[in-house]
Each structure stands twice: as C-alpha cells, then as structure tokens.
Amino acid sequence: MVSRNLCEFFRFRQIYQYQTISTSAIYRTNRGQYYSSGQRFVKVWDEPPKWARSYCSATKFLQGRQIRFYSAVSGKSSGEQQQQGAAAPQLLSKLFPQTAVEGTENETQQEKQRKEEDEEKESSWKRMKLGFVFFGFSVSAFCVYMVWVFGAPDRDAEGNIIMDEFMELPTFQQYFRRMWKSMTYYQKMIQEPSREKLLPDPLKYPYVQPPYTLVLEMKDVLVHPDWTYQTGWRFKKRPGVDKFLETLAANYEIVVFTADQGMTVFPILDALDPRGFIMYRLVRDATHFVDGHHVKNLDNLNRDLSKVVVIDWDPNSTKLHPENTLNIPRWTGNDDDSGLFDLMALLVTIASSEVEDVRDVMTYYKSFENPLVKFRENQRILAEQMAEREHEEKQRNLPAVQRWRPSFLGGGR
C-alpha cells in the first residue's frame, strides 16, 4: 500500500510540474480523498465500512526528497493565499533551478525595449513638429523678403524714388505688382534670347558683306563628342571641315549657332577654326526655350531670311523656321563620312546660281529623307545633261561633210 500511494504522489507531482499547492486541493480520484492531519498523511476511503490507514513514514520520505506540501490553514483570507501562490514559483526556482522560469528576464527586456521605442517615437514626433514649425517660419520669412526686395520701388543714384505705373495703388498692391513684374522679367531672361539683335547690322560699303548667311550647328555637324574612361570627353573633327569652311567663306557669312554653353563652345571653335572663317558664335543664351527645347529663332538674327541657310540635324531646334532649314543626317563620328563635301557642293551651287530666295531650294530638298543623296543624284543627272548638250553643240558647229562622214564610213556620230 505504501508503494502504491507513493506512486500516486509522484504522478501528482509530475502533473502539476513541481508547483506548490495547498493540501486541500490535492488530486482527488473516484476511489478516495487525501487530506492532512497533523504530522500524518491519512487516506480515507469513500466507502464508510472500509477502514483507513495512516502512514507516518510517508511524510518523512517526501521530506527526504525535498518536496514540501503546505496544508491549508483554516481562517486564512483569500489575499494571503494569493500571496502564497505568487511566492511559490520563486521558492521553487530557488529549490529547483532546472525548473526556473526563463521568461521573466525576456519579459523584462521586452518591457524595457517597448518603453525605449515609445520614448523614441515621442522624441521623433517632437522633432518633426519642430521641423514643420521651422519650415513654415522659413517659407514665410522668405516670401516676406521677396516681396520687400523685388517689390520696392527703384531709386536713382541720389536715393530718390523713381515714379512708376504702380505708385497710385495701395502699398501692398504696389509691392506685389512690382514683385510679379520682376519675376516675369527673370522668366523672360531664361526663355527668351538675351538681346533683340543677335548679329550686328550688315557691313556697308566699302566693306564686303557676303550675299548669304550660313547658320551651322556645331555638335554632330562639325564635330562629334566622344567619351571614354581613359581620355574623358573629346571632340572629333569631321572629315573635310577645313576645306568646307575655307570654300564657303567667300560667299557666305558663317555663323555657328548652338544650344550648348559658351564655356564649352568657344574653346572648341578656337581649336577648330584657327584662321577665323567663322565670323560669329551664338550659344544657349541666344535661343528661345519652347516646350522643353532650345529653339533658334531667326527673327532675332538681324538678316534677310531669304538669304539665310540653316544646317542642322535636329528639327526641334529650328521648328520656328523650317523653310530656312536643311536637315541633314547626324554625324556619328565615322571616318568614311563625306557629307560635308556634298553639302559644300550644294551651297556652292546656290551661291554661284545667285538664288534670290533660298527658302524655295530648302523646301524642295526638305521633302526628301536625305537631301544630300538627292542633291548628288541631281548633280549626276545634270552632269549627264550638260555633257550631252556639249556634245550636241560640238556636232552643230562641225561642217556638214565632217558631220556625216563617220556615218558614211560606218561609224556613229
């Protein structure tokens, strides 16, 4: 019986995992009920007629195993029982370190981390609010400064106010209107050319003014930009560019008009044209900014547009005057290119023919995909016609006997 009761107690210990509980809540079965009586542990059978046995040695055996059961004392309040239940895990943790609850330290660390995160969020929100306040104050101060600076009336050298069209308005409207006028002025500086006349007036006698004006794009017409890791940016000169400039300088006023910055263009042209065949150089500040493109407006060129020829590869840069533009293929840097020689022949033909309005010629060649190829074909046809006409003139000037003798002898004319 002793061994069987001990087995039941050990099974009870495994079920409750070494937790300290009162003896009044000890495991009950259908067979009987356990309770404490002084120093003895008594089992009473449910059936009244059966006998009960006390085992004093059971208490000593359990004490030898360092297992303690605390009996419920009548009269203790529920608060004291809760305190005893809360202190039980700490006591078991000391008696049985292998059963200690490891989650206590993790919960403490999580709670500490949660507090730190809350503090960090609160600090971030404070910084954000201060940033918004500072930003709003800065924008307001900047707006007030802009109105004060750009809306103030102009003054002369002696400090006197110069009268303008806004003087009769209220003070706030005066400053606002002047500021708006200044802002639109700077906008025009960006979108419109820096001056109304891009070129000076044509030369007068006794100086020689070429009859035609040739406007050239620099990039991918005269030179091609090239970049490598070893050399960086370089500009390759197009084959025939020296002959091109030298030949056309006699009949054309050569102008380089490009949308690039002057700090890039001027050194390149100095190296490209050391003899000075290029008379004028126009850069980005001379263009109109329209729909995201720098457009060359020939109305500001101060020249007769019937005598102006524009050579470019980008239709967007000359869309204001397409009738004056000859769009040629873009040069990509190949060494076997002969485009400038064909273009030179076309321009020399226009000058030697003394064309009254070059826009008619440009409009004709603009209808073809590659104007230079078409001009080359026309040149071939013209050369054949001129050779045939010359042959006919020679035959017409010969005597009748000499003119018919080859056919009489079996030869052709």
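**Briefing on a predicted model**

The side chain of Asn327 comes to 3.4 Å from the backbone oxygen of Asp312, a polar contact in the sense of a pair of N or O atoms within 3.5 Å, where one must be able to donate a hydrogen and the other to accept it, and where residues adjacent in sequence count only if both atoms are side-chain atoms. This is a predicted model, in which local features need pLDDT of at least 70 and side-chain atom pairs count only at pLDDT 80 or more, while totals for chains, interfaces and linings use all residues. Residues are numbered from 1 along each chain as its sequence is written, and side-chain values use heavy atoms, with hydrogens and water left out.

**Asn327**
- Asn327 lies in strand S12, residues 325–327, where strands (E, at least two residues) and helices (H or I, at least four) are DSSP runs numbered from the N terminus.
- With a relative accessible area of 17%, Asn327 is buried, given that buried means under 20%, exposed over 50% and partly exposed in between, for a 1.4 Å probe and protein chains only.
- The side chains of Asn327 and Lys366 are also joined by a polar contact of 2.8 Å.
- Not counting residues up to four places away in sequence, Asn327 touches residues including Trp313, Thr318 and Pro371, contact meaning heavy atoms within 4.5 Å.

- Arg281 is found in strand S8, residues 280–282, and counts as partly exposed at 29% relative accessibility.
- The side chains of Arg281 and Asp270 are joined by a polar contact of 2.8 Å, and Arg281 is also in contact with Val256, Phe266 and Leu269, leaving aside its neighbours within four places in sequence.
- Trp227, in strand S5 (residues 223–228), is partly exposed with a relative accessible area of 42%, and touches Gly232 and Trp233, not counting residues up to four places away in sequence.

**Helices H6 and H8**
- The axes of helix H6 (residues 241–248) and helix H8 (residues 339–353) come within 9 Å and cross at roughly 10°, the axes being lines fitted to C-alpha atoms over the stretch in contact, with angles from 0 to 180 degrees between N-to-C directions.
- H6 is therefore roughly parallel to H8, since angles under 35 degrees count as roughly parallel, over 145 as roughly antiparallel, 65 to 115 as roughly perpendicular and the rest as oblique.
- Among the residues that meet are Phe244 and Leu248 in H6, and Leu343 and Leu347 in H8.
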